[in-house]
Amino acid sequence: MTVDVTVVGGGISGLACARAVQDAGRSVRVLDRGRRVGGRLSSRTIDGRPVDLGASYIVVGEADGFGHVVAEWEERELARPWTDTFQVIDPDGGQTSKPGPMRWAAPLGLRTLALDLAEGLDVSSERVVERVAPHEVDGEEAGEVVLAMPAPQAARLTGDAPGGSQEWEPVIAVVLRWDERQWDADLHGAFADGDADVSFLADDGDRRGDGAPVLVVHTTADRARRHLDDPDAAIAPVLAATRRLLRIDVEPVAVHAHRWTFARPAGTTGEPFFRSPGLSACGDAWGDSAAVRTAWASGDALGRALAAS
């Protein structure tokens, strides 16, 4: 039996879209190539604890619908307020506090939020899709098809990304673990201002709430491009930059690198989603600013539109 909507991609935008369709009483299925849903809400167990390798945090902003979702996650202890202040580190290691909106984290990793959104949905994991066309997935009837993924990946399935091409930037996330904390207690997270190798550092123990002496460091796009074929080669320059920026004298006891070829859109469309008969698209590039809340809002809005048609 053909479903009303087939969502290709089990990140937060795809899951939000599927939830909205199902909540409106329409049938929907989600096809995801990963072993578990989550997309860039990626958490992996490293040395016995979950570490966020993709998105660093969530900001609610003015997205009322998403605010209700996050409030429910907080009530169920799936999400927690983390910090409203990051540091900005200059090339010499000087730090300046930068207040901002509250950033939210998940005690067991951001992937748990995606798994919660997927609860009760018809999800096929480890499903590799080869070709998509309006109303079709791999040559089979699929109802309305939604591509919830970066545009370059969508283009591989369709030959031409729905809504036009978009430029995306890569990131390599480097996990650094010490035996004990080697940095200031007030360093929740930090932007590296003008560094050639590092763009952002997060204290993952502070973010998780378990106090583990673990940093997750995101490379600059330029550094990532040099190592897309060999992410581990990014570890040495990232570690050197991290130790210089945070004035750490001790080598870490464990390291790990994870590649994101399409980590974030270089710009956004300003539109909530793309829709055409039989083939639509949603995600964090379809909004005013690239963020987790944008991805959720894009998927939710598209799902509601499809369910109402």
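Residues are numbered from 1 along each chain as its sequence is written. In this predicted model, local features need pLDDT of at least 70, side-chain atom pairs count only at pLDDT 80 or more, and totals for chains, interfaces and linings use all residues, while side-chain values use heavy atoms, without hydrogens and water.

**Exercise 1.** Find how strands β3 and β4 are joined.

Step 1: Recall that strands are DSSP runs of E with at least two residues, helices are runs of H or I with at least four, and both are numbered from the N terminus. Two strands pair if DSSP finds at least two bridges between them.
Step 2: β3 (residues 43–46) and β4 (residues 49–52) run antiparallel and share 4 bridges; in one of these, Arg-44 is partnered by Val-51 in β4.
Step 3: The two strands form a hairpin with 2 residues between them, and Asp-47 in the turn has a positive phi of about 55°.

**Exercise 2.** Describe the salt bridge between Arg-244 and Asp-195.

Step 1: A salt bridge needs a side-chain nitrogen of Lys or Arg within 4 Å of a carboxyl oxygen of Asp or Glu. Here the closest N and O atoms are 2.7 Å apart.
Step 2: Arg-244 sits in helix α7 and Asp-195 in the loop between β13 and β14, 49 residues apart.
Step 3: Buried means under 20% relative accessible area, exposed over 50%, partly exposed in between (1.4 Å probe, protein chains only). Asp-195, at 11%, is buried, whereas Arg-244, at 39%, is partly exposed.

**Exercise 3.** Is Arg-304 buried or exposed, and what about its partner Asp-300?

Step 1: The two form a salt bridge at 2.9 Å between the closest N and O atoms.
Step 2: Both lie in helix α8, 4 residues apart.
Step 3: Arg-304 is exposed at 53%; Asp-300 is buried at 13%.
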